[in-house]
Every structure is written in C-alpha cells, then in structure tokens.
Amino acid sequence: MTALTAFSRVRRHLPPYLALTGKLAGRGAVEQAARASRVELSDGRFALDFGSYAVTLLGHRPPAVVEAVRRQLDTMPTSTRSLVSPATAAAAAAVVEYLGGRLSRVYFGLGGADAVEAVIKLAWLASGRRRIVAVEGAFHGKSLGALSLTHNQRFRAGLVDVLAPVVHVAAGDPDAVAREVAKGDVAALVFEPVQGENGVQELDPDVLRTWCAAAAEHGTFVVADEIQCGLRRCGDRSVALAAGLPVDAVLLGKPLGGGVVPLSAAVCNERLYAPLVADPMVHTATFSGHPLACAALPAALESIELLAGRGRTIARVFGAGLAQIHTARPDLVRAVRGRGLLWGLELPSPHITGRLIVGLAQAGLIVSPCMSRSTTLRLLPPLVADDSDLSEALQILAAVVGTFTTTGGS
Ligand SMILES: Cc1ncc(COP(=O)(O)O)c(C=O)c1O
C-alpha cells in the first residue's frame, strides 16, 4: 500500500518517469530503510547499494556521522547567521586541514553545483576575465553556471544562449589549454581528474600537469572538481593534490556530509577567494554553512580516513572480480575502467545498459548509470562493504551478466 501510494504521488507531482524506473528497479517496492551497504525494501527484501550516485561512500547511516548530526540537531540545527556557528567554523577548519592546509578558505554549499557556481563567480571576479576552459565529456552539474561547464548536449539543449562562455577542450590534447589561455581572457580551467559521469575516464596526469603550467603562466585559475572522485573515492583525499597539481581550488561534495546530509565545499587559496574577503556579500546563500550539514563533516572525514586501508583492499578485490566478469562476457562487457571505489562497465548500447541496471537491481544489487555516457554502468562500492558484501555483489553481477541476452531480457 505504501509503495503504491508513493508511485502514484511521484506520477502526479514529480517527473513521472521516476515512478516508472523506480517501480521496475524495486519490482514494485520502494526503499524503506538502510544501514551500511544494505537497503531494505518495502516488501522486506534487501539490496546491496553499490550506487547512490557516489554519495554513500561511508554506506548508509554511518554511526559516527549520525551521532554528530544528532548532537547538532539536539542543540542548534540552524544558524542565526548574525552570530558565529562553531559547527560551521569547525567544518571549515577540518576540510582545510584534510587537504593539507595550502587551500585555506572555504565556501560551503549543499549540492555539488553550488560549489561549482561559487568558484565560477570567484574566478570571474578575481580575474576580471570571463571565458572558462572545461573538458570534453565534463560533468559539473546542471544549475546554469555549472551547466555551462557540463559538456553533454542533451543537458544544454534549448539553453545554449543563456550559458556562460565556456570552451571544451579534448581530454587528450596537451596543447589545448595553452592555445586558449594565450588569448589572455580565460578566468579558469576546470577539470575532473577522473570524469565519473562521463563513464569513469581518468584524465592523463601528465596532460593535466601541462595544462596547469600553461594556466599558471597566463594567470588563469585552476580548479579540480573532485565532487565525485575526491575524498578517497579514487584512493586519494584529492586526486589533483596527490598528483602535485598546483590547483587554486578543490571542489568536494557527495559524501562530504557523510551520506547523511547534503553538503559541498569549494576549498580555495587566498588569491581565488579574495573577492569574498573583500566583500562577504558577493556570494551568500541562506543555508551556506548550515550547522546541521557542517556537523557531519569532521565525523565524515574521520570515518573516511579510518577506512582508507579497507578501501585499498576493496579496490583490489573488486577490480579483480570485474576483470573476471569482463573475460567471461567480452561480447557484453566491452571494457572495464576504474580506480579505487569508482568503476565503469562499458556496454554495447544505452538500451542494454538500462536493462542491465534494472536486472541487477531486481537481483539485489543497486548500481548507477552515468549521466553523460549512457553506455557505461557505474559501480560504487562503499568503504564499509565487508567481504561477504563484496563477494555477494560480484556473484550477483556474474550471474546477471552471465545469463544476460543482448536481444531479450536477462
Ligand atoms: C564531478 C561532479 N561535479 C559536480 C556535480 C554536480 O553535483 P550535484 O548533482 O550535487 O549538483 C557532479 C554530480 O554528479 C559531479 O559528478
């Protein structure tokens, strides 16, 4: 009954397509509760969550984060914004320290696109320039500024005339950024060190190094969008900083609130953040630095670090398991790409990818599609996956992939 009501309300009040896909994936059930790697459905079944669009890096309801948020909820969940919130201050200090301290200023948002919007505006104001260089295949969100950087034509269609001036360069072209910044009008270069929504594609660190050097030479800011690949999703706290790239900002989001509350951050150096030091009103939002969200951050970072070693084991075991599945069905799984806890299976068509995602969910393994590459199925094991979660996930994958026919159902 609860499930039927939920589907009918989604059909009436939200994009109806969500009811269709959700109903298929849940075989008529809806999500009801969750803990660690597992989601309980309304019909009593459980599914392993290796999806959730990269939010549940710590699994569902990580105890230390829930406890920290609960403490804030019981004391002061919202801020006067006239007085200082210690929770917001502590979160800013924690994320700066987590990234090593060189990037010492923080703007907090809720979703990832908030952080993208903030750095676009800061780069424009700090440089006085307007053009931005992004990368082909990039995904940075869908609010208008962020959408300007997102490359996918499907999301830009009908809006191109209202988007900011952005040029997208080929990911493999080491000279592309030098050509653009030499014109002297580029405010920022923005890239994802690992493009998650573009089918899990890692950008070549040597190309990135060349790009960063060209940007620095011409006074162009460099921003690493690690909303998906950072926070040890791909092994490192920050992929760009670990590679020694001289970036002016790192953007974080998704699991930054521990998978419990929405939270994102643009962690910037002094030069990029200067407009906000000069005038704190140039970029504000009622819920920026919200204490309830910020309370989660120190606990989330601490929990991520405690599990970093486990993450390396999961990456090794999971990567090896996916390689076996690839070997068993090369006609279906055309390629396996990934790093750490972010993996993509390349499939023959968007239709097959959709059917496989539904088939896996129905068999008890939730995975995610890729927003900008509909032929890639994305797998996001959480840091809390234990050995039995991992082997069960690989078994489900092997069974569903093994019996999958490219013409009919699975
Ligand atoms: C790299 C990257 N940047 C930005 C975003 C946008 O984040 P949000 O959907 O929370 O606005 C995403 C979302 O998938 C992302 O993967």
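**Close-up views of a predicted model**

**View 1. Cys-294 is buried, at 0% relative accessibility.** Buried means under 20% relative accessible area, exposed over 50%, and partly exposed in between, with a 1.4 Å probe and protein chains only. The closest cysteine sulfur to that of Cys-294 belongs to Cys-268, 15 Å away, so the two are too far apart for a bond. Cys-370 is in no disulfide either; its nearest cysteine sulfur, in Cys-234, is 12 Å away. Cys-370 also counts as buried, at 5% relative accessibility. The whole structure has zero disulfides, a disulfide being two cysteine sulfur atoms within 2.5 Å. This is a predicted model, in which local features need pLDDT of at least 70 and side-chain atom pairs pLDDT 80 or more, while totals for chains, interfaces and linings use all residues. Residues are numbered from 1 along each chain as its sequence is written, and side-chain values use heavy atoms, without hydrogens or water.

**View 2. A backbone N or O atom of Gly-112 lies 2.8 Å from a ligand oxygen.** In Lys-254, a polar side-chain atom sits 3.0 Å from an oxygen atom of the ligand. For Glu-197, the distance from a side-chain N or O atom to a ligand oxygen is 3.2 Å. Alone, the ligand exposes 390 Å², and the protein buries 82% of that. These areas come from the Shrake-Rupley method with a 1.4 Å probe.

**View 3. Four strands form an open, mixed sheet in the order β1-β2-β3-β15.** Strands are DSSP runs (E, at least two residues), numbered from the N terminus. Two strands pair if DSSP finds at least two bridges between them. Strand β3 (residues 46–49) runs parallel to β15, with two bridges. Leu-48 has Leu-365 of β15 as its bridge partner.

**View 4. Strand β4 (residues 105–109) is mostly covered.** Four of its five residues are buried. Strands β4 and β12 (residues 264–268) run antiparallel, joined by five bridges. Phe-108 has Ala-265 of β12 as its bridge partner. In a regular strand, side chains alternate between the two faces of the sheet.

Key:
A polar contact is a pair of N or O atoms within 3.5 Å; within protein, one must be able to donate a hydrogen and the other to accept it, and residues adjacent in sequence count only if both atoms are side-chain atoms.
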